[in-house]
Amino acid sequence: MSAVPYVALLTALAGLGLAAFFFQLVKKASPGDARMVELMEAIQQGARAFLRREYTWVAGFVVAMTVLIFIFLDYGRPWGAIAYVTGAIASALAGFVGMTVATLANARTAEAAKTGPQLALPLAFRGGAVMGFTVAGLGLAGLSLSYLVYVVWLKVDDPFDVLTAFALGGSSIALFSRVGGGIYTKAADVGADLVGKVEAGIPEDDPRNPATIADNVGDNVGDVAGMGADLFESYVGSIIAPIALAAFIPAIVFDDAPEFFVFPLAIAAVGMIASIIGAFTVRSSGSAKVHDLSKALHMGTNVAALITIVGTVVLGLVFFNTDDVGGVPIDNWWGLPLAVIGGLVVGYAIGKVAEIWTSDEFKPVKNIARQAETGPATVVLSGISAGMISVAASVVLVCAGIGIAYWGGEQLSEGLGIYGIAVAAIGMLATTGVVVSVDAYGPIADNAGGIAEMAHLDPKVREVTDSLDSLGNTTAAVAKGFAVGSAALTALALFKAFEASLLREGHILSLDVGKVEVFIGLFLGTMLPFLFASLTIDAVGRAAYKMIEEVRRQFRDIPGLREGKEGVVPDYARCVDISTGAALKEMLIPGALAIVVPLALGFIDVDALGGFLAGALVTGFALAIFMANAGGAWDNAKKYIEAGAHGGKGSEPHKAAVVGDTVGDPFKDTSGPAMNILIKVMTIVSLIFATAFV
């Protein structure tokens, strides 16, 4: 068992090595002509400038949290504080690396699209894979190394509390990156679409539109850097949760039963190997049809999932095929493998639900597109309906996953049902390397289409990139399904660890809704995700308003711009600056809520905090699914019409669909994705400060 952390570290380094290999392949590809290189560099500069400013602002918050951990927590002096900062740095690095590669891959994908999807799809995927394996590699390497340093080598006091601080560091960066990046990208996107497509009647990403560069920068800072930090946080949290839980289960003692502490690392190591193998199976058949592209792209995910299932069964045999583990009686060795596989299957099923409600191959998206013939109101209504019904399917699946995982844990040994739920979350995210690769591919394809339009490439190139981009919306929804599904299970496990931590300090947590303080906490927890969503959507609205006014001003005040007169160029930098300033200012309050509210409640009444966390978990999960799937459905309904259905581009149904898409933009790329981070951050903060509360 002592070798497992070392093996996990080696597989993490292998993942980082694959990321470096794919980076070299992307870098060797041709970026195209001088105009394409110019556009690529403009997007790179804008993205780097934003990330630099964002990380500068967030650094102040990280310093404040480090001081709080150092002052209030015994294990925070100094190890908890160091672990927290390490987690924050790793999360920020994952986002930065992914964004850097994505801004290199966009022009190269557009150039490859000149010969069709057979070269463009693998190139875009490899660009995304650099992000995917950087996220998984840094996450697993950071955790494995932290485990070795704090648990094995230094044997510090409360080592598993220190590991939880590492997870909080990643969560802190993820929350601000998702919110800030989401506000940036959607302010630019909404402004560009409403003025460009609807008012001016010019194509998406037309170089005459002043907001196009800001829009393409936004794809990278929101959908790549923000998403990377998000999945880093989800991945690390899913591994930390069962380790922290094992530390607080009275029947499990680390010195006697290290199997329960290293089993999560072993599952992650198997998932990493499976992801590496799966990444090499992604190849395009040459067809530009979305169905064929989808089949090629999902091949990697499917292969990785199958290998993980086999590896998990083998691990179950190795770890638990005995009568007793450190005093814990073992009834059925297959209990935990069943829980992990159940989590993986449910995560995959939630992804398929997302695909059914967001892909234009299925009825919901086609129905939204048909509703566009009667105007934007029916488009909005049908999109809301599709998002809501997808919640029902996802909740049923998560409940089934929780039930299977709990039963699996109990089959291993009585009293370990909640541990089974915790490891099920790892099952959902074990193949993070390839899942994020498929997700990050989408923004690269989107940027490639923008560069093709702005560089005036052959319209057939844009057709190829549009087919890649349409699939990218669906793959993003699938990845968000994995992330939010794991968030529910991880938050539940962390909540149980929070309860056990309080019990260790002599306080029995009450969740009796008949107690006034618990009931108040439950209502406050139910309210907070709605408040958080409102603040972030409103932030996008305010920033988009400034963007729309600026685009209108330039069309009005710059002679010949709207007509496309030769030599007349818009002021792209002004629009980039509007999105940057708005995102940095608007991200602070929503981000601070996730930290301040649980801390304040915890110091007032711990039972109220328990009710608060329960309400936030349930409501936040449902809202996240609703917003991600509704937004994806609106977006692909617009693209379905742009491909020629219901009158095609420029028609009245197209204009109605654009309105629906702009409503969905902050749903799927700002508020929705940030929701799963919100529920985990609040639970981790509560767990870390549990000893200070009582």
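This is a predicted model: local features need pLDDT of at least 70, side-chain atom pairs count only at pLDDT 80 or more; totals for chains, interfaces and linings use all residues.
Figure 1. E499 is partly exposed, with a relative accessible area of 25%. (For this label, buried means under 20% relative accessible area, exposed means over 50%, and partly exposed is in between, using a 1.4 Å probe and protein chains only.) K496 gets the label partly exposed too, at 34%. The two side chains meet in a salt bridge, with 3.3 Å from N to O. A salt bridge here is a side-chain nitrogen of Lys or Arg within 4 Å of a carboxyl oxygen of Asp or Glu. Side chains of opposite charge can pair when their charged atoms come close.

Residues are numbered from 1 along each chain as its sequence is written, and side-chain values use heavy atoms, with hydrogens and water left out.

**Figure 2. R552 and E549 on helix α15****.** Here's another salt bridge, this time between the side chains of R552 and E549, at 3.2 Å from N to O. Both residues sit in helix α15 (residues 516–557), three residues apart, or about one turn of the helix. How open are they to the outside? R552 is partly exposed at 33% relative accessible area, and E549 is partly exposed at 34%.

**Figure 3. D206 meets R208****.** Zoom in on the side chains of D206 and R208 and you'll find a salt bridge of 2.9 Å, N to O. Is D206 buried or exposed? D206 is buried, because its relative accessible area is 7%. R208, on the other hand, is partly exposed, with 23%.

**Figure 4. A network of salt bridges****.** Some charged side chains join up in a network of salt bridges, including K186, D189, D469 and D635. The structure holds 34 salt bridges.

**Figure 5. T164 and its neighbours****.** T164 lies in helix α5, residues 159–200. T164 counts as buried because its relative accessibility is 3%. Which residues does T164 touch? Leaving out residues up to four places away in sequence, T164 touches I240, A244, I684, L687 and I688. Contact means heavy atoms within 4.5 Å.

**Figure 6. A cis bond at P78****.** Look at the peptide bond from R77 to P78: it is cis, with omega near -5°. You'll find P78 in the loop between α2 (34–72) and α3 (79–112).

**Figure 7. Positive phi at D158 and H456****.** D158 isn't a glycine, yet its phi is positive, at about 50°. D158 lies in the loop between α4 (117–153) and α5, and it is partly exposed with 34% relative accessible area. H456 isn't a glycine either, and its phi is positive at about 55°. H456 has its place in the loop between α13 (432–454) and α14. Is H456 buried or exposed? H456 is exposed, because its relative accessible area is 64%.

**Figure 8. C399 on helix α11****.** C399 lies in helix α11, residues 376–412, and is partly exposed with a relative accessible area of 49%. How far is C399 from M99? The two are 300 residues apart in sequence and 35 Å apart in space, C-alpha to C-alpha.

**Figure 9. Stepping back to the chain.** The chain has 20 helices and two strands. Its C-alpha atoms fill a box of roughly 80 × 50 × 45 Å along the principal axes. Of the 694 residues, 65% count as buried. Among contacts with a separation of 6 or more, 85% come from residues 24 or more positions apart.

Note on methods. Helices (H or I, at least four residues) and strands (E, at least two) are DSSP runs, numbered from the N terminus.
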